[in-house]
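Let's walk through this one together, beginning with a single side-chain contact and then moving out to where the chains meet. Have the structure open as you read.

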Amino acid sequence: MSTLVSDSLVMARRNFEHVRRVPEKLLDVTLQPIMFTLLFAFVFGAVIAIPGGSYREYLIPGIIIQTLTFGMMGPGVSMVTDLSEGVVDRLRTLPMAKGAYLIGFIVAEVAATLLGATILTATGLAIGWRAHGDVSTVASGFGIMVLVALTFVTLGGYLGMIAKSSEGVQGIAFMTVFPLTFLASTFVPIGGLSPVLRHIAEWNPITWMAAALRTQFGNPVAPPDHPGLPMQHPVLFATVFCAVLLVVLVPLSIRRFTQRTTD
Amino acid sequence: MAATTDSNVHGGVRAQGLGKRFGDFWALRGLDIDVAPGTVLGLLGHNGAGKTTALRMLTTLSRPTEGSATVAGFDVQRSGHDVRRNIGVAGQEATVDGLLTVHANLVMIGRLSRLSKAEARARAEELIVELDMGEFSTRLAKDCSGGMRRRLDLAASLVQRPAVLFLDEPTTGLDPLARNNLWATLKRLVAGGMTLVLTTQYLEEADRLADEIVLLDHGRVVAHGSPAELKARIGGQRFVVSFDTSEDADAARIPLAGIATTEVVIDPDDATRVIVPVAPHTSVVAVIATLDGTGLEPLDLQRRDSTLDDVFLTLTETPTAEVASS
């Protein structure tokens, strides 16, 4: 057990080192979210009115969720690279603990994604966003952030196991996550959308996650008139969605990883 | 898990009837080897001969479909973890982490090989000196030249002072100087008691390093023995007969077969030359006489001792098939 922990930490440090070494990867989780925040806050913020609060208070939880979901891209690319370049094979010839590679991978990638979210939170604080309410509720909001990060890192890792190249991972992730984050309550309240789009957005898990964060942070949720079930219970829906995804993805990933590394 | 108690087991490498099938395709079949501790086995063959497949099974990366093997006294299937504690492996591609420095790579491998932090650092520094990597130890692996990465790869495989070292085509892509340096390093390691199994496409490499050679072709063992035995097996000497054109050379194979001990082949490097295996003391006149009345006139005639190249040419299919189709 102790070798599993220490080997996992060695692997985690290695993955985290990558974030430091690859400027693009570091920019993905630092400058890019800051840029998005500033652009949206000052451009959209000037024209969008949020009932029950300011646009900046509304925006920050949304953009945190967007960053966390885009956080699947980095792990996906790392995984496909390690598998295709023989790094995993090299590690498999060492007397290291079984499972340490995957555990270290998840730990480091979740930490990297959360670093991005932390930078965003700090940016938010700088431009006037605040979390309101009692400590435990706000803390549970951060708990949801960790859960979302874990879910999307796991999803990215799985994508890296089934894709053939890093371009493939980036393509798939971008083509799915990008539209999904916009067809949601991420940046604008969905009440103003056309009925069809509104319906899609209301059942989009990204809407649930953003609304869940807003609820826990005491920020305006701006639900549509006559909200459906998910918008009435966003915390529940977001949590269950992530939990179900993890319950499905974890065994699937372990199986796929074993397949990829056994012949 | 303890070592198997079989009295045949020793600290080197043994395999009996080792085979690997992918679907309907046998990548390797019937590999029997017995590499005594402190000796060098060369697995020689073209691309696709089954060399890497053999190495992957012996290093626990791939499960044998049939047969068995022990490495450093441990069964590769039953005691994989013990095997991994006693081996070093460097694959065909440089498989270190490109985004870590040379030093950090070695420390990481050390930590994963059960060394403490201090031991891993000390071992990394030792290897950096031993393999002369001092000037680029703080460079990222991805920024190292091919030769440097090979050295790093070798260093990584030596971190846990393995009893048995496996190298998959260690000098492919290296310039002659780097290749010679690597050979010298490997000789030093073997002199220190390490067992070495390496795959190679280079006959010179097998000749220079290996005590024993297994020649693989399309997944089968076609020859097995010391370099000297293999050369002796296919006959003592060769005449190289040069012609004006490759057509003449090809036509001359039939009459020249009259004095040849084994198959007459076209030189893979020069299609206007025919290589004729002959018994020792065969005279030049006898060679010329076979061409009498054929209208084929040799431009040049050279006698030489057999080389491993000839073993390769005679016993494996690919080169002759290529010559025949071109």
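Start with a pair inside chain B: the side chains of B:Arg14 and B:Asp34 are joined by a polar contact of 3.3 Å. Keep in mind that this is a predicted model. B:Arg14 sits in strand S1 of chain B, which covers residues 13–22. Is B:Arg14 buried or exposed? Its relative accessibility is 18%, and since buried means under 20%, B:Arg14 counts as buried.

Now zoom out to the place where chain B meets chain A. Chain B brings 33 residues to the contact and chain A brings 26 residues. Together they bury about 2500 Å², with carbon and sulfur atoms giving 56% of that area. On the chain B side, the trio to look for is B:Leu61, B:Leu99 and B:Leu112: they supply 26% of the area that chain B buries against chain A, more than any other three residues.

Six salt bridges cross the interface of chain B and chain A. One of them pairs A:Asp7 with B:Arg114, whose closest N and O atoms are 2.6 Å apart.

H3(B) gives the most, with four residues. By type, the residues on this side of chain B split into 13 nonpolar, nine polar and eleven charged.

Note on methods: Residues numbered from 1 in each chain as written. Chains lettered and ligands numbered in written order. Predicted model: local features only at pLDDT ≥ 70, side-chain atom pairs only at ≥ 80, totals over all residues. Heavy atoms only, no water. Helix = DSSP H or I, 4+ residues; strand = E, 2+ residues; numbered from the N terminus. Buried < 20%, exposed > 50% of the residue type's maximum accessible area, 1.4 Å probe, protein only. Polar contact = N/O pair within 3.5 Å; in protein donor to acceptor, adjacent residues only side chain to side chain. Contact = heavy atoms within 4.5 Å. Buried area = accessible area lost by both parts, 1.4 Å probe. Salt bridge = Lys/Arg side-chain N within 4 Å of Asp/Glu carboxyl O. Nonpolar A, V, L, I, M, F, W, Y, C, P; charged D, E, K, R; others polar.
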